Amino acid sequence: MITGATKNKVDDIWQKMWEGGITNPLEVISQLTYLMFMHQLDEKEFETEKMETLLGIEQEHIFPPSYRNAMGVEIDGQQLRWSRFKDLPAETMYKTVSEFAFPFIKSLGGGSAFTCSMESATFGIPTPKTLQKAVDGIDALFKSLGDNIADLGDLYEYMLSKLNTAGTNGQFRTPKHIRDMMVRLVDPKPNQLICDPACGTAGFLISAAEYIRDKYGDQMDADAWDCFSGSSDKGPQFSGFEMDQTMLRISAMNLMLHSVDKPDVRYLDSISKNNTVRSKYDITLANPPFTGSVDTEDIDGSLKTIVDSKQTELLFVALFLRMLKLGGRCACIVPNGVLFRTNSKAYRQLRKELVEHQRLEAIIYMPSGVFKPYSGVSTAVLVFTKTDSGGTDDVWLYNMEGDGYTLDDKRDPDPAHDDIPDILKRWGDLESEKGRARTDKSFLVPREEIAENDYDFSFNKYTETVYERKEYPPTDEILADLADINERIARGLDELKEMLAEDVYDE
């Protein structure tokens with residue numbers, strides 16, 4: 001999440017682009033995203049150079065010794081870097097970026113998903129002066145951010161919100177701390193294949209990549225690193241599907257900045273017949289669209305066998321089951337309606353599927369403000385393992401009351417109300433949850449009890465509410481107190497009238 005000061009800086013850059021003649025908001029977003037990517041590529045190169053100096057071992061660099069563009073003109077590869085061209089005179093900078101730096105970023109990845117996503121991208125900044133203002137603004141923006149920006153997705157989401165299109169069809173970017181929590185719940189490991197079939201700007205894949213690098217990086221061999229980057233014969237470790245080409249570009253840019261050079265990120269309607277992936281992934285992580293329905297004829301038949309519905313929130317959960325290997329695990333966000341709706345047979349059908357035919361492990365109920373300011377929808381995280389043969393024992397329920405941020409539109413930091421550390425701690429020791437009372441935030445519920453409640457996943461269905469008995473005085477005593485209060489009010493009014501009368505008389 002980004003602060004108000006950051007938003008003001010983005011607004012200022014946007015205004016300069018507008019004044020420079022780029023009046024299409026979508027084009028403004030695209031051009032700013034390309035420039036931000038150039039900036040972040042240079043920052044990544046600086047990190048590589050520091051590592052090279054520290055270890056004394058030659059590292060793989062982003063920028064080549066020299067670069068020849070499509071016109072056959074060759075320049076020093078270092079001139080492609082943000083830190084080198086940002087201080088050039090406007091005319092020289094414009095020539096460098098438009099004729100060399102931009103074509104260079106389009107060619108990155110050598111036929112990878114990134115290259116494919118950038119195939120139709122064009123450099124659309126019309127004048128040197130406009131480019132110079134944009135570069136100066138972005139440079140100042142990233143200096144102010146420091147280490148507080150994990151990827152380009154947060155900035156992209158804010159720019160998108162200026163179009164009032166964020167949240168269209170129920171799509172909301174999941175806050176990083178929620179993504180990180182979900183990743184820790186499923187504990188992805190090296191060489192495991194991970195997919196987000198509604199990847200947006202690849203936030204979940206980035207969180208998974210960071211987790212694997214931080215937790216297992218010291219133990220990973222060359223084959224594991226090849227799988228991580230996407231250059232292994234086994235195929236890429238990270239996959240994502242999306243129906244918005246601009247988001248696909250952001251996804252590919254984000255992953256490349258996190259050393260995932262060749263992910264399987266592609267344009268695909270995940271719940272359509274065009275998606276033929278089955279039993280492939282070890283992990284799925286997703287926040288799929290919450291609302292809307294699709295044409296029944298477009299839905300892949302294998303999903304209908306799991307849940308007979310055209311509601312996207314149900315179809316995506318069925319899709320996760322189909323795409324997972326046996327033993328594969330999923331952490332996904334669903335709207336609360338999935339947990340308890342009874343007016344549609346499909347909702348109960350899906351809940352029963354998770355309990356009776358798979359292994360449902362946890363339901364974490366999140367407060368309604370998690371997705372503000374874009375939506376106040378109430379959501380929950382489901383954690384389950386694909387078994388196709390049951391295995392649900394006790395399901396862990398946790399009622400999250402705070403996520404470390406205020407639950408209003410501002411979403412300011414609020415560390416005093418953060419249940420996430422407690423969630424992760426308790427998740428690591430579920431044995432101790434067996435003694436928890438139903439009045440606590442979390443407890444275990446036996447599968448049989450869920451079945452007896454007709455597979456209703458509502459937290460209130462299983463929690464115990466303790467009512468405190470409150471004693472009140474007798475009615476005649478209350479009436480006497482009221483009469484005394486009225487009498488004192490009347491005396492006060494009489495005294496006030498006398499004082500006002502004396503003032504008038506003195507005048």
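Helices (DSSP runs of H or I, at least four residues) and strands (runs of E, at least two) are numbered from the N terminus. The structure described here is a predicted model, in which local features need pLDDT of at least 70 and side-chain atom pairs count only at pLDDT 80 or more, while totals for chains, interfaces and linings use all residues. Residues are numbered from 1 along each chain as its sequence is written, and side-chain values use heavy atoms, with hydrogens and water left out.

By this assignment, the chain has 18 helices and 13 strands. Its C-alpha trace spans about 100 × 85 × 50 Å along the principal axes. Residues are classed by relative accessible area as buried (under 20%), exposed (over 50%) or partly exposed (in between), with a 1.4 Å probe and protein chains only. Of the 507 residues in the chain, 50% are buried.

A nonpolar core is defined as a set of buried Ala, Val, Leu, Ile, Met, Phe, Trp, Tyr and Cys residues joined through side-chain atoms within 4.5 Å. The largest such core has 55 residues, and those with the most contacts inside it are Met36, Phe37, Met38, Ile105, Leu108 and Leu131. At least two core residues are supplied by each of helix H1 (4–19), helix H2 (25–55), helix H3 (82–85), helix H4 (90–107), helix H6 (128–145), helix H7 (153–161) and helix H11 (245–257). The largest share, nine residues, comes from H2. Helix H1 also contains Asp12, a partly exposed residue with a relative accessible area of 40%. Although Asp12 and Ile138 are 126 residues apart along the chain, a distance of 10.0 Å separates their C-alpha atoms.

Charged side chains were examined for salt bridges, each defined as a side-chain nitrogen of Lys or Arg within 4 Å of a carboxyl oxygen of Asp or Glu. The structure holds 31 of these salt bridges. In one of them, the side chains of Glu210 and Lys176 meet at 3.5 Å, N to O. This pair links distant parts of the chain, since Glu210 belongs to helix H9 (residues 203–216) and Lys176 to helix H8, 34 residues apart. Glu210 is buried, at 17% relative accessibility, whereas Lys176 is partly exposed, at 27%.

Asp187 takes part in a salt bridge with Lys189 (2.8 Å, N to O) and in another with Lys215 (3.4 Å, N to O). Because Lys215 lies in helix H9 and Asp187 in the loop between H8 and E3, the latter pair ties together parts that are 28 residues apart in sequence. Asp187 is buried, with a relative accessible area of 17%. Its two partners are partly exposed, with values of 33% for Lys189 and 42% for Lys215. Elsewhere, salt bridges that share partners join Asp422, Arg426, Glu433, Arg436 and Asp440 into one network.Surface patches were assembled from residues with over 30% relative accessible area and no salt bridge, with like charges joined within 9 Å and nonpolar side chains (Val, Leu, Ile, Met, Phe, Trp, Tyr) within 5 Å. The place of a charge is taken as NZ of Lys, CZ of Arg, CG of Asp or CD of Glu. Accessible areas come from the Shrake-Rupley method with a 1.4 Å probe, and for residues only the protein chains shown count as cover.

Asp221, Asp223, Asp226 and Asp233 form a negative surface patch. Within this group, Asp233 occupies the loop between helix H10 (222–229) and strand E4 (238–242) and is exposed, at 84% relative accessibility. A nonpolar surface patch comprises Ile478, Leu479, Leu482, Ile485, Ile489, Leu493, Leu496 and Leu500, which together have about 710 Å² of accessible area. Of these residues, Ile478 lies in helix H18 and is partly exposed, at 36% relative accessibility.

Backbone geometry was also considered. Most residues other than glycine have a negative phi. Asn191, which is not a glycine, has a positive phi of about 75 degrees. This residue is in the loop between helix H8 (176–186) and strand E3 (194–196), and Asn191 is partly exposed, at 31% relative accessibility. Tyr455 likewise has a positive phi, near 60 degrees. Its position is in the loop between helix H17 (447–452) and helix H18 (475–506), where Tyr455 is buried, with a relative accessible area of 8%.

Methods:
Lys and Arg count as positive and Asp and Glu as negative; His and the chain ends are not counted.
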